[in-house]
Amino acid sequence: TGVTTNLIRAADAGTTRFLVQSPGNIVGTASTTGGTAFQWNANSITTGIGSNISNNSLTSGTGFSVNSTSTSLSGTLGLFSSTGNATNVTGNILKVENTGANSTATSLMVSNAGTGLGFRVNDDGTDTDSTPFAIDATGNVGIGNTAPTTKLDITGLTLNTDADQKVMGENITGTITKNDTNTRQFYGLKLKPTLNTGGSNT
C-alpha cells in the first residue's frame with residue numbers, strides 16, 4: 001500500500017534515534033554532542049566481506065552517498081585507513097573496479113568546482129607533504145609541488161649519472177596564440193631541477 005510502518009524504534013528522552021521501517025529502510029539520527037554516530041565492528045572476519053551493499057536494480061540513482069552541507073568543514077568527509085605496521089600488509093586500501101568488458105563507465109570521477117586541489121598524493125605519510133603529486137583546479141599537474149603553473153610542473157628532479165640522460169621523452173602538442181608584438185616566452189613543460197656537480201665534473 002506504500003504506507004511506511006516503523007518496525008523498530010529506539011528513542012532517547014523522547015527523541016527518535018533509530019528506526020527500522022517496513023520497506024527495509026534504516027534511519028538513524030545522531031546526537032549533537034559528538035562521538036561516533038554509527039559503528040560496525042567486523043574484527044573477527046579474516047576472509048570474505050565485512051560489509052556489503054548491493055544495488056543490483058540501480059539505474060540513474062546513487063548506491064552510496066556521504067555528503068555534508070557544512071560551511072566550515074576542516075576534517076575528512078570519508079576515510080579509509082590501514083594502520084597495520086608490517087611488511088606483509090600488501091593489500092589495497094581503496095580499489096575501484098569496472099569489470100564489464102563492454103562497459104563505457106568512468107571508473108573514478110573527481111569533480112571540483114572550487115579553487116583547491118582536485119587530486120593530491122602525499123608520499124611522506126602525512127597530510128602536510130610539501131612535495132606531493134597534485135592536480136589543481138584548472139587541470140595543471142604538479143610533481144613535487146602544490147602550485148603547478150603549467151600543464152606539467154616538475155620540482156625537485158634528481159639525476160645521478162655520468163652519462164647523458166633524457167629527462168622527458170614524451171611529445172607535447174597544443175596551440176600557442178600570441179596576441180601582441182612583445183617578446184614572450186612560452187613553455188608547456190616546466191622543469192625546475194637543482195643541478196649539483198659531482199666528482200671531477202664542473
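**Notebook: pockets, a patch and a few loop residues**

I began with the largest pocket: 25 residues line it, and Ser51, Asn52, Ile53, Phe64 and Phe80 lie nearest its centre. I note at once that this is a predicted model. I looked up the space in the largest pocket next, and it comes to about 2000 Å³. Then I sorted the lining by class. In the largest pocket I find 14 nonpolar, ten polar and one charged residues.

**Entry: Ile53**

I picked Ile53 from the residues nearest the centre of the largest pocket. Ile53 sits in the loop between β3 and β4. Is Ile53 buried or exposed? I read a relative accessibility of 55% for Ile53. Exposed means over 50%, so Ile53 counts as exposed. I also checked Ile53 against Gly63. The two are ten residues apart in sequence, and their C-alpha atoms are 8.0 Å apart in space.

**Entry: the second largest pocket**

I moved on to the second largest pocket, which has a volume of about 1200 Å³. I list 23 lining residues for the second largest pocket, with Gly78, Leu94, Val110, Phe119 and Arg120 nearest its centre. By class, I get ten nonpolar, nine polar and four charged residues in this lining.

**Entry: the nonpolar patch**

Which residues make the nonpolar surface patch of about 930 Å²? I wrote down Phe80, Ile93, Leu94, Val96, Leu108, Val110, Phe119, Val121, Phe133 and Ile143. Some of these names were already in my notes. Phe80 is among the residues nearest the centre of the largest pocket. Leu94, Val110 and Phe119 are among those nearest the centre of the second largest pocket.

Leu94 lies in the loop between β3 (26-28) and β4 (119-121). Its relative accessible area is 58%. Val96 is in the loop between β3 and β4. I read 43% relative accessibility for Val96. I then compared Val96 with Leu108. They are twelve residues apart in sequence, and 7.2 Å separates their C-alpha atoms.

**Entry: salt bridges**

How many salt bridges does a search of the whole structure find? I find one. Lys95 forms a salt bridge with Glu97, and the closest N and O atoms are 3.1 Å apart.

**Entry: Ala13**

I noted a backbone angle at Ala13. Phi of Ala13 is near 55°, a positive value in a residue other than glycine. Where is Ala13 placed? I find Ala13 in the loop between β1 (6-12) and β2 (15-21). Its relative accessible area is 80%. That is over the 50% cut-off, so Ala13 is exposed.

**Entry: the chain as a whole**

I left the overall picture for last. I count zero helices and eight strands in the protein chain. From the N terminus on, the order is β-β-β-β-β-β-β-β. The protein chain has 202 residues, and buried residues make up 8% of them.

Methods: Residues are numbered from 1 along each chain as its sequence is written. This is a predicted model: local features need pLDDT of at least 70, side-chain atom pairs count only at pLDDT 80 or more; totals for chains, interfaces and linings use all residues. Side-chain values use heavy atoms; hydrogens and water are left out. On a 1 Å grid over the protein atoms alone, a cavity is a set of points where a 1.4 Å probe fits but cannot get out, and a pocket is an open set with protein on both sides within 12 Å along at least five of seven lines; lining residues have an atom within 4 Å of a point. Grid points are joined across faces, edges and corners, and a volume is the space filled by probe spheres set on the points. Ala, Val, Leu, Ile, Met, Phe, Trp, Tyr, Cys and Pro count as nonpolar, Asp, Glu, Lys and Arg as charged, and the others, Gly among them, as polar. Patches are made of residues with over 30% relative accessible area and no salt bridge: like charges are joined within 9 Å, nonpolar side chains (Val, Leu, Ile, Met, Phe, Trp, Tyr) within 5 Å. Accessible areas come from the Shrake-Rupley method with a 1.4 Å probe; for residues, only the protein chains shown count as cover. A salt bridge is a side-chain nitrogen of Lys or Arg within 4 Å of a carboxyl oxygen of Asp or Glu. Helices (H or I, at least four residues) and strands (E, at least two) are DSSP runs, numbered from the N terminus. Buried means under 20% relative accessible area, exposed over 50%, partly exposed in between (1.4 Å probe, protein chains only).
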